[in-house]
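Hello,

Here is the structure for you to look over. My notes follow below it.

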Amino acid sequence: MLDADVASTSLGIELLAVGDGSATVRMQVTPAMVNGHDIAHGGYLFLLADTAFACACNSYGPVTVASGAEVSFVDSARAGDELVAVAEERTRYGRNGIYDVTVYRGAPDQRDVVLEFRGRSRTIQREGERR
């Protein structure tokens, strides 16, 4: 799925790990991603978290999309920062799911939280499938 995601891959987002209901992705903040305050634009941070969420909720196979999400911006990121987003499933019920994503800056042993994301997913009917 990520290979076909031009929005994410054109920004250099890489998939580091994926498992049932989980995913980890990485992105480096480029100068083109910085806003007028010299910090990473929140839209790019959301996109990184949303990409990890998409990989996690699609890890089971059926096509799954976001039905909603909310974020809390915890700290700023700057050009040159390497960010890692870790998505974890909280629950699935019927065709719905809830996933939490934390975006970190820094080495694995000294990670600074940049953003917290909670996404809600909905598994949709694949093209050609019958109900």
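Is strand E5 (residues 96–105) largely enclosed by the rest of the structure or exposed, and why? Eight of its ten residues are buried, so E5 is largely enclosed. Buried means under 20% relative accessible area with a 1.4 Å probe, counting protein chains only. Strands (E, at least two residues) and helices (H or I, at least four) are DSSP runs, numbered from the N terminus.

First, the ground rules. This is a predicted model: local features need pLDDT of at least 70, side-chain atom pairs count only at pLDDT 80 or more, and totals for chains, interfaces and linings use all residues. Residues are numbered from 1 along each chain as its sequence is written, and side-chain values use heavy atoms, without hydrogens or water.

Now the neighbours of E5. Strand E4 (residues 82–93) runs antiparallel to E5, joined by ten bridges. Strands pair if DSSP finds at least two bridges between them. Leu83 stands opposite Arg105 in E5. E4 and E5 form a hairpin with two residues between them. Gly94, in the turn, has a positive phi of about 60°. Strand E6 (residues 112–123) is also antiparallel to E5, again through ten bridges. There, Tyr104 stands opposite Val113 in E6.

Next, helix H2 (residues 42–57). Its 16 residues should span 22 Å at 1.5 Å a residue, and the end C-alpha atoms are 22 Å apart, which agrees. The expected span is 1.5 Å times one less than the number of residues. Buried residues in H2 include Leu45, Leu48 and Phe53.

Overall, the protein chain has two helices and six strands. Their order along the sequence is α-β-β-α-β-β-β-β. Of the 131 residues, 33% count as buried.

Best wishes

Terms used: Buried means under 20% relative accessible area, exposed over 50%, partly exposed in between (1.4 Å probe, protein chains only).
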